[in-house]
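Hello,

Here is the structure I promised to pass on to you. Please open it next to this email and follow along as you read.

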Amino acid sequence: MRPAPPEPPPPAAASAGGADPASLPDPPGQPPRGSVLRALRFGRDPLAGIRRLQLRWGDVAMARIGKRRLYVLSHPEMVRDVLVTHHRNFVKSFALQRARVLLGEGLLTSEGEFHLRQRRLSQPAFHRDRVAALAGTMVRYADDAANRWRAGMEVDATREMNRLTLGIAGTALLGVDVEGEADEIGRALTDALGLFDRLHNPLAPLLDRLPVPGTLRMRRARERLDATIYRAIAERRASGEDRDDLLGMLLSARDVEGDGGGMTDLQLRDELLTLFLAGHETTANALAWTWHLLALHPRAEARLHGELRDVLGGRAPGAADYAALPFTRAVLAESMRLHPPAWTVGREPLADFAAGGYRIRAGSIVLVSPWILHHDARWWGADVDAFRPERWLQPDFEASLPRFAYFPFGGGPRKCIGEGFAWMEGVLALATLARRWRLRHVPRAAVAARAGITLRPVGLRMRVEAA
Ligand code: HEM
């Protein structure tokens, strides 16, 4: 039995509620200006950087990046304060604001009233029934991958999972089969994300306007993605067809609680590109990490195969099987605990606020990290670093966790709109592939975690074997 999680620490560690934040001290231990970039090695290994900060300074850790203060808040109550209780005091941090260059005013990047309206318009497209209606697409693409695989074949599991989720996203979002163009679109998405390479570069706004190679590559990538999306919108408008995919839902959405209007082509483009970007690589990484962990834990893998045999008996899964596959879901949950694809969530406070008895200044960067919280033995017990999917099957396990000890999909009004989609896709794709195949690391495969915008496994060379 896993030990009951300890009581949260005394209020000193949580938000200081009503105190005037300006009267509170800054968190201790701030290193001298400028040294942090080196100390954190933020560019090269941000994961180790924020881990070091938390280990050294605890639940309220502060550092400076150039002129900016950066805080890492690592207590579940502080996460709740930032994402839920005081969410109005925060906007997305500068990383996502920068993403506007590419994503415009999509759900991920927009703020305030406009975000609320777009969220209202998009929400019905993610209703449980709509997601269930997309299950067939999810399974079809996973089955295609399963048919492509051969015993003894070597694959890069990260790349395979990206190809899979990109195919699913193309059909589920736009109703077009982009799998044939998957490599090209995948490259365009990667190039477009090159935008973030300049995250810490003060000259970024200037570079974005100059015809230097990085900028030209990004522009070409954006044009490539825009062409696919605008083509899909134009074809659908012209055909007048009413289809089940997300594009169809978004096209017919009307803001009945607000102005009664729908979305312009530009808004549709921003939302669809956002969904493409937010939805496909995150899920691909969750699945790729899962293959890595299953290969390292044959007992868990055997139990997974057992569940798939018992429930499916050799047929492909469907939406109705989701609830009958609790261990498959637990495998994914535990994989996202150890390797949360969105490993950090960033915000910028509009006004000073209090956390753990300290002053957190307006205009700073506040990071709350699922990766940190998911690896904290205070909430997970001594086996915090072990891959134990069965922990999720214990009665009342999730209810016994402090809220925000586990938050791979964020929380509050900006919580991931695609969470239900991602669970359905993850469970069905894993079930479809694992009922036929297992993957093993090839000798000398050097797997590493690359923490960029998402937490991605690199070097995941694996050999396909019959399950
Ligand atoms: C395992 C897969 C996924 C993970 C781990 C994940 C994680 C997250 C997280 C942590 C956020 C909150 C970001 C913040 O508060 O700053 C978020 C937001 C978002 N996600 Fe996901 N996501 C996943 C899959 C998806 C999918 C499949 C879609 C769409 C099809 C999607 C669309 C979005 C959108 C549009 C937002 C912005 C929501 C808003 O601000 O209103 N995500 N996601």
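Predicted model: local features only at pLDDT ≥ 70, side-chain atom pairs only at ≥ 80, totals over all residues.

**Around the ligand**

Let's begin with the ligand. It is surrounded by 23 residues, and the closest are Gly-279, Thr-282, Gly-410, Cys-416 and Gly-418. Two elements give two or more residues to this shell: helix H14 (265-296) and helix H20 (419-434). Which of them gives the most to the shell? That is H14, with seven residues. By kind, the shell residues divide into 14 nonpolar, six polar and three charged.

Take H14 and H20 to start with. Their axes come within 10 Å and cross at roughly 40°. On the H14 side, the contact is made by Gly-279, Thr-282, Thr-283, Ala-286, Leu-287 and Thr-290. On the H20 side, you will find Phe-421, Ala-422, Glu-425, Gly-426, Ala-429 and Leu-430. The residues of this contact divide into six nonpolar, five polar and one charged. Look again at Gly-279 and Thr-282: they belong to this contact and are also among the residues closest to the ligand.

H14 also packs with helix H16 (residues 326-338), at an angle of about 100° and with the axes 9 Å apart. Are these two helices roughly parallel or roughly perpendicular? Angles of 65 to 115 degrees count as roughly perpendicular, so H14 and H16 are roughly perpendicular to each other. From H14, the contact uses Ala-286, Trp-289, Thr-290 and Leu-293; from H16, it uses Val-331, Leu-332, Ser-335 and Met-336. Here the residues divide into six nonpolar, two polar and no charged. Ala-286 and Thr-290 take part in the contact with H16 and also in the one with H20.

Now for the strands. In general, strands of a sheet pair through backbone hydrogen bonds, either parallel or antiparallel.

Strand E4 (residues 154-156) and strand E12 (residues 461-466) are joined over three bridges; Glu-154 has Arg-463 as its bridge partner in E12, and Asp-156 stands opposite Arg-461. Strand E9 (residues 437-441) is joined to E12 by five bridges, with Leu-439 opposite Val-464.

**The five-stranded sheet**

Another open sheet has five strands in the order E1-E2-E8-E5-E3, and its pairing is mixed. At the edges are strand E1 (60-65) and strand E3 (90-92). The twist averages 30° from one strand to the next. E1 pairs with strand E2 (residues 68-73) in the antiparallel sense over six bridges, and Ala-63 stands opposite Leu-70 in E2. Helix H2 (residues 46-57) packs on this sheet, touching E1, E2 and strand E8 (365-368). Helix H3 (residues 76-85) lies across E2, E3, strand E5 (345-349) and E8, at about 125° to E8.

Enjoy exploring!

Best wishes

Terms used:
Residues numbered from 1 in each chain as written. Near = placed C-beta within 6 Å. Helix = DSSP H or I, 4+ residues; strand = E, 2+ residues; numbered from the N terminus. Nonpolar A, V, L, I, M, F, W, Y, C, P; charged D, E, K, R; others polar. Pairing = 2+ DSSP bridges. Axes fitted to C-alpha atoms, helices over the stretch in contact; angles between N-to-C directions. Contact = placed C-beta atoms within 7 Å. Parallel < 35°, antiparallel > 145°, perpendicular 65-115°, else oblique.
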